[in-house]
Amino acid sequence: MPVSIKYSSFSKEKVPIIKDKQIEKFVNDLLLDYDPNYFETPHSLDIDSFIEFYLKINLTYHVLSSNDDKNKILGITALTGGKVPIFDEDIDYIVLNKGDICVDDRACKNEHLLRFTLAHEAGHSMMHVNCSFKLSYANDYSNSINYGEPKKLKTVSDWIDHHANVYAACLLMPEKFIKELFLKFYDPNAKMKKAMLNHTVSEISGILNVSPKAVAIRLNRLKLLNDVS
Amino acid sequence: MPNKEVIAMDFKTFLKQKRVERKIPVRKFAKLINISPSFLCDLEGGLRNFPLNSKKNPNLFNDIVVALDLDSNEREMMKKLIEESLISNQTITPTLSDYLLKTPSAQQALRRATEANLSNEDWDKIIEAIDKGR
């Protein structure tokens, strides 16, 4: 897999400064390397096979939070490696090596959230493992997964979560697919704009196997909703 | 003469290797064999023994055979590796324990072998004699 991302600068906390467009290009290059015909027809990515057999990231599933924890950990990426506490029956911990990811499929309430979490963790593994900032693990709770929606970025975790969310959004909803499907389903002459938008979002959500919320945020980020009141 | 590759491999390595060879991702394979993804990861990670009396899936062994499309040799190899993994984790399969319970001479043979500290090579000769006698 020859595709890699290059960092030109770092923040004072040593977090790589990566622009969203840079991540978009990186992901597009990955998808083309994975399958030169990937962008021919919009379709959903087999994210499980992509992570395990193309990215060759060690991916496991375990229970990452106790029953008492209200805020569940959905996924974790080992940025340096070591023991991680788990709550599988009779098993207290697992050992993750640098770059390994572990996801709690039971904490992810539905398939859409699980797929996005997988893609998000893959983003951490691809972009944040060989960096010098001081964080051993990327622990991701439900509020870490925001589909790339803009928000205030203050801490190291905020920044790397933003990178991972943009990575996941680009991976599961490539710009080319979104634009093509938007043109296909959205009728700008429809009188009931909201209903037409809901229909468009629903169709795209079904084809790409992502949540309607993720589609709506992506459409907004790609400025496709500017003409829609 | 036992195949040295079989001795070097263990059940968890066999299971993961066969799954990866067939490019079946974890979640899909877990669904095919009717166990949870985390239980599959526990098995592949050697964190858990093969469940002999699983309430969730009593047909787990056969489901794995079907999902991986194992031939008869691979099926026998997996069975042997499961038994070896259970013995190394100080558990014995019901097949072996039932045989020992109803065959006092087999128990005596094992006791004599332990006292005489028979080696693997000594047992290879005994196995050869057993196979010739069939």
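I started with helix H5 (residues 175-185) of chain A and helix H6 (residues 193-208) of chain A, whose axes come within 10 Å and cross at roughly 135°. Helices here are DSSP runs of H or I with at least four residues, numbered from the N terminus; axes are lines fitted to C-alpha atoms over the stretch in contact, with angles from 0 to 180 degrees between N-to-C directions. H5(A) and H6(A) are therefore oblique to each other (under 35 degrees is roughly parallel, over 145 roughly antiparallel, 65 to 115 roughly perpendicular, and the rest oblique).

Before going on, I noted that this is a predicted model, where local features need pLDDT of at least 70 and side-chain atom pairs pLDDT 80 or more, while totals for chains, interfaces and linings use all residues. Residues are numbered from 1 along each chain as its sequence is written, chains are lettered from A in the order in which they are written, and side-chain values use heavy atoms, without hydrogens and water.

Next I listed who touches whom, with contact meaning heavy atoms within 4.5 Å. From H5(A), A:Phe177, A:Ile178, A:Leu181, A:Phe182 and A:Phe185 meet residues of H6(A) including A:Met196, A:Glu203 and A:Leu208. I sorted the residues of this contact into nine nonpolar, two polar and one charged (Ala, Val, Leu, Ile, Met, Phe, Trp, Tyr, Cys and Pro are nonpolar; Asp, Glu, Lys and Arg charged; the others, Gly among them, polar).

Then I turned to helix H3 (residues 111-127) of chain A and helix H4 (residues 156-172) of chain A: their axes come within 8 Å and cross at roughly 120°. That makes H3(A) oblique to H4(A). Their contact holds 12 nonpolar, five polar and two charged residues.

On to the chains. I found 15 residues from chain B and 20 residues from chain A in the contact. Together the two chains bury about 1,400 Å², 55% of it on carbon and sulfur atoms (accessible area, 1.4 Å probe, lost on being put together and summed over both parts). On the chain B side, B:Pro25, B:Arg27 and B:Ser38 lose the most area to chain A, together 40% of what that side buries.

How many salt bridges cross the interface of chain B and chain A? I get three, taking a side-chain nitrogen of Lys or Arg within 4 Å of a carboxyl oxygen of Asp or Glu. A:Glu111 pairs with B:Arg27, the closest N and O atoms being 2.8 Å apart. A:Glu52 forms a salt bridge with B:Arg19, its closest N and O atoms 2.8 Å apart. A:Glu52 lies in helix H2 (residues 47-54) of chain A and B:Arg19 in helix H2 (residues 11-21) of chain B, so this pair joins two chains.
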